[in-house]
Every structure is written in C-alpha cells, then in structure tokens.
Amino acid sequence: MSCNNSTNIFLISLVSGMTSDIRSSSVEQRPWMTFAYAFSVTLLVASALLSNALSLDTFRQAQIRSTTVGKYLIAYSCCSIFGVIMLESRLFRMLDSFSYETSVLLCSVISGLASISTRLCLWLNSIIALQRSLQSFQGSPLLNRICARMNALTQIFLVTIGISLMHVHEFIYRVSVADPQSEEDFICQILYTPSVLSMNTIFSFIHLFVPFGFTVLANCIILASLSRRKAALHPTTYWTP
C-alpha cells in the first residue's frame, strides 16, 4: 500500500516515501527493503518509547508536577508516546494487502492522529521553553497569570483543541481507493481542492514558524535576563584604552 504520490513537500510523509521507494524497487529487493525500513523505524520507536516512559515517570513526581512547566512536561511526554505509537502503526501500510476498512483506518484516522501529535509536540516544546524563560520576570501581573500553575491545564487544552481543528481537513480529504497495480490492495490519496491545499500550506507554515518563533523569543528573554542580572551585579564598568 502507498499513500499520496504528490511532490508537495507539505503532503509527503515518512511512511509514504518509504512505501513508494519499496514499490519502485525490484520484486527481489522488496522484502529486504521492507525489513530494513520497518526495523529501523521500530528501533527508533522503541528508543523513543523508553525515553518518554522514563521522562513521564520522572515528571509525575509531586514536586515537579506542582509547577507549571512540570504539567507541560507531562503533557509533552504523553503526546510523544502517543505520537510514536501512531508512527509505528502506520508501518502496517507496508503490508501487501488488507481490507478496505483497515485501509480507511490507517489512511484517514491514524495518519491524521499522527500529524496532530507531531505538531502538538512541536508546540508544547516551544511553549515549555517560553514558560521557563518567562519565570525570570515574575514581577509582572500579566506574566504571573500566564505562568500560573492553575492555567497550565487550560492552556494545554486550548492548544490541543486548536491544533486538532487545524487538522480536520486531513480526516476529510484522505481517501482510500483501489490500487491500479493490485486488485486486493488500496492506496491512500490526499485529494485537496486548490483552496484547501492553500489553507493546508498556511497551516503548515504556522506549525513550523510559530513554535520556532516562540523558541527564539525564549532564548532572547533568557539572554536579556542574564544581561540584566550581570548589570545589577556590576553597575559600573570602567574601560581602559
């Protein structure tokens, strides 16, 4: 099974690229390529599951969980575990044949959930960095409200809902059609209209550049905080030629 054959960078996925590579190879090489791709991805997924499971066990401690960043770290670990499970589930698309219902599940549901969890992890990671940097400016009432522990769950909920709504079109426009090369197989295609494709491109830029902007802003805030502290410790500096 393969997914969309589009060359649009915002539509091509990892599994789609691997599957297309396998299908374009010779019949003798397909089993070895399938094993190589599946083994490498499974190894990465196992490492990610172990790492996030250990992180989740650490972050669920009462002392860490009582902070705003601690709640974000727990949410990030859970989102990462869910995301890597969805990634591993998409490998079933490499099988030669399965039912139409399984194809719809892998194409429309699991692929969409994998996209949501991946983007959500990017947003949570950038928000964690921003939250940590804002803690150095606790004097502002507005910043205190943003960084309040009681608002963390609300913020996580709103971010999750917002990102999920920005992926609704993926669940709608992903369709399973008969494979022209195999009567018992199905392919997953993304049939975006021009307007939906433009909207998807805009959303992709938002998911890419807004978290990146948050991370850059967090770094600037940290540098400004360090400069302010150094200036407070050394208010007068004499320079000699």
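Which residues of α7 are buried? This is a predicted model, in which local features need pLDDT of at least 70 and side-chain atom pairs count only at pLDDT 80 or more, while totals for chains, interfaces and linings use all residues. Residues are numbered from 1 along each chain as its sequence is written, and side-chain values use heavy atoms, with hydrogens and water left out.

To the question, then. The buried residues of α7 are Ala152, Gln155, Ile156, Val159 and Ile163; buried means under 20% relative accessible area, exposed over 50%, and partly exposed in between, with a 1.4 Å probe and protein chains only. Viewed down the helix axis, these buried residues fall within an arc of 100°, so they line one face of α7; the arc is that of the directions from the axis to the C-beta atoms. The face turned away from that buried side carries the exposed residues Leu153, Phe157, Leu158 and Leu165. Helices here are DSSP runs (H or I, at least four residues), numbered from the N terminus.

Phe157, Leu158, Ile161, Leu165, Val168 and Ile172 make a nonpolar patch of about 600 Å². Such a patch joins nonpolar side chains (Val, Leu, Ile, Met, Phe, Trp, Tyr) within 5 Å, from residues with over 30% relative accessible area and no salt bridge. A salt bridge is a side-chain nitrogen of Lys or Arg within 4 Å of a carboxyl oxygen of Asp or Glu. Helix α7 gives the most to the patch, with 4 residues. Val168 belongs to helix α8 and is partly exposed, at a relative accessible area of 36%.

Technical notes:
Helices (H or I, at least four residues) and strands (E, at least two) are DSSP runs, numbered from the N terminus. Patches are made of residues with over 30% relative accessible area and no salt bridge: like charges are joined within 9 Å, nonpolar side chains (Val, Leu, Ile, Met, Phe, Trp, Tyr) within 5 Å. Accessible areas come from the Shrake-Rupley method with a 1.4 Å probe; for residues, only the protein chains shown count as cover.
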